[in-house]
Amino acid sequence: MKLKIRDARKEDLPQIKRLIDTCISRDFYSLEDLEGMLCREDDLLYVTVDMEKEEKVVSYFYAFLAPLDEALHVLHVTEKPKELQKYPESERVGVYKTSSTDPAYRNQGVFSSFMADLQPVLRSKGAKLIINTALRPMGRDIPILNILRSTGFVPLQTLHSPWVKTKGYCPYCKKDYCICDAVLYVREFEAKGDKESHG
């Protein structure tokens, strides 16, 4: 297989929607939501396509930039962590929001590439840090733990059932309103000794 990462296009949206419905939750994002991601300047929507299969979309990654207070709200963080108190609420940050990969293409380094390659993009757009909430399924480790560590993320706090009020079937806890926990992670760009690492 020959895989390529590129910006998402309008014609990709039905395939992205299929991945979301299959791998995350049915109608977690609508086609209208996805069209908005293509149009907004601070939204970043990327796809991985299989060049040997007529550019079939095999993975997508969605990130955005926002003021810190807005980003924390979107991620269901109700109290600003002490590690982020040094940043004003208006600080521009990157947020890694959602991603999914066709099961047939997993363990090919696709998600790792997204996580690493998008860091300099967000930094160039003014982000001083990136935050992410990683799902921690009940009784299991965080599925993307090793990728987060290898791309410079550190855990800040556990969020207890952050999606419990968001309708969307969870394949881990098997509920329409997910009761799994999450862990808030941060990747700071200006940390001591970090100016030359990870993009």
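Start by selecting Arg6 and showing its contacts (heavy atoms within 4.5 Å): leaving out residues up to four places away in sequence, Arg6 touches Asp12, Tyr46, Val47, Val49 and Glu55. You are looking at a predicted model, in which local features need pLDDT of at least 70, side-chain atom pairs count only at pLDDT 80 or more, and totals for chains, interfaces and linings use all residues. Residues are numbered from 1 along each chain as its sequence is written, and side-chain values use heavy atoms, with hydrogens and water left out.

Stay with Arg6, which sits in strand β1 (residues 3-7); strands (E, at least two residues) and helices (H or I, at least four) are DSSP runs numbered from the N terminus. Arg6 counts as buried, at 8% relative accessibility; buried means under 20% relative accessible area, exposed over 50% and partly exposed in between, with a 1.4 Å probe and protein chains only.

Next, select Ile16, Leu45, Tyr60, Leu84, Ile131 and Leu184, the residues with the most contacts inside the largest nonpolar core, which has 37 residues. Such a core is a set of buried Ala, Val, Leu, Ile, Met, Phe, Trp, Tyr and Cys residues joined through side-chain atoms within 4.5 Å. Strand β3 (residues 56-67) gives the most to this core, with 5 residues. Apart from it lies another core, of 23 residues, including Leu44 and Val183.

Now for the largest pocket, with a volume of about 1200 Å³. On a 1 Å grid over the protein atoms alone, a pocket is an open set of points where a 1.4 Å probe fits, with protein on both sides within 12 Å along at least five of seven lines; lining residues have an atom within 4 Å of a point. The volume is the space filled by probe spheres set on the points, which are joined across faces, edges and corners. Select Ile24, Ser99, Leu135, Ile144 and Tyr172, the closest to the pocket's centre of the 40 residues that line it. Then colour β4, which gives the largest share of the lining, 6 residues.

Finish with two loops. Glu54, between β2 (43-50) and β3, has a positive phi of about 55° although it is not a glycine. Glu54 is exposed, with a relative accessible area of 78%. Asn107, in the loop between β4 and α4, also has a positive phi, of about 65°, without being a glycine.
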